[in-house]
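Biologist: I'm new to protein models, and I'd like a close look at one spot. Could you pick a residue and walk me through its surroundings, then on to the core?

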Amino acid sequence: MTGLFFWNVDVMMVSKLLGAMETGFYNVGATIFKAIYFLPQSFGSVLLPKVSKAYHDGNLWGVRNLLLESAKTLLLIAIGIVVYSQTSLPYYVPLLFGDKYSPAMKIIGPMSLIVLFYFPAFLGQNLLVAINREKKAVNSLVIANATNFVLNLVFIKMYGILGAVYGTVLSQVVFFYHHRLLPPRCY
């Protein structure tokens, strides 16, 4: 849900600040990466009950090990997605969406950096839910989404369509950083 909210805010802001054509270009990248978000969500669906059980059984090492193994796997997947997105994926844009969407090729590479931060942060979000810290989970969403809104407001005016990408990448860094710090305090 978090990722989809980020994308929808971005699309709305690009539409209002830059117009329909740039919104179409931005939406090409957003569509591709929204589809990729099922990966951490799938991990979360499988991991959440296991983490919750381990935590409530007092098995903090079990929680730690589950999270570390999942984070390693998701990070490797994210790195693969970034490498592919930087090297090959942009060239599929005209094939998949048509030649008129070729300008979207320039945003695919930078946009892919979002997954490096979102994938592991999603695990942190799931941890908070699994250990009954939903309020902290919601607070992190609010902070990251507010950051996304403000950065988009500033960066879209300065950098155009790439500004929306920069704003979202940086807000995902905030989301990741918040979760990177939270789990040890949650025990």
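**A close look at glycine 163**

Modeller: Setting aside neighbours within four places in sequence, glycine 163 makes contact (heavy atoms within 4.5 Å) with Asn152, Phe155 and Ile156. Keep in mind that this is a predicted model, where local features need pLDDT of at least 70, side-chain atom pairs count only at pLDDT 80 or more, and totals for chains, interfaces and linings use all residues. Residues are numbered from 1 along each chain, and side-chain values use heavy atoms, without hydrogens or water.

Glycine 163 sits in helix H8, residues 161-186 (a helix is a DSSP run of H or I, at least four residues, numbered from the N terminus). Its relative accessible area is 0%, so glycine 163 is buried (under 20%, with a 1.4 Å probe and protein chains only). Valine 14 lies 149 residues away from glycine 163 in sequence, yet their C-alpha atoms are 9.2 Å apart in space.

Now for the core. The largest nonpolar core contains 49 residues (buried Ala, Val, Leu, Ile, Met, Phe, Trp, Tyr and Cys joined through side-chain atoms within 4.5 Å). H8 is among the helices that each supply at least two of its residues, as are H1 (2-18), H2 (20-36), H3 (38-56), H4, H6 and H7 (134-159). H6 gives the largest share, with 12 residues. Within this core, the residues with the most contacts are Trp7, Tyr26, Phe33, Met111, Val115 and Phe119.

Take phenylalanine 119 as an example: beyond residues up to four places away in sequence, it touches Ile36, Leu39, Pro40, Leu74, Ile77, Ala78 and Ile81.

Terms used. Buried means under 20% relative accessible area, exposed over 50%, partly exposed in between (1.4 Å probe, protein chains only).
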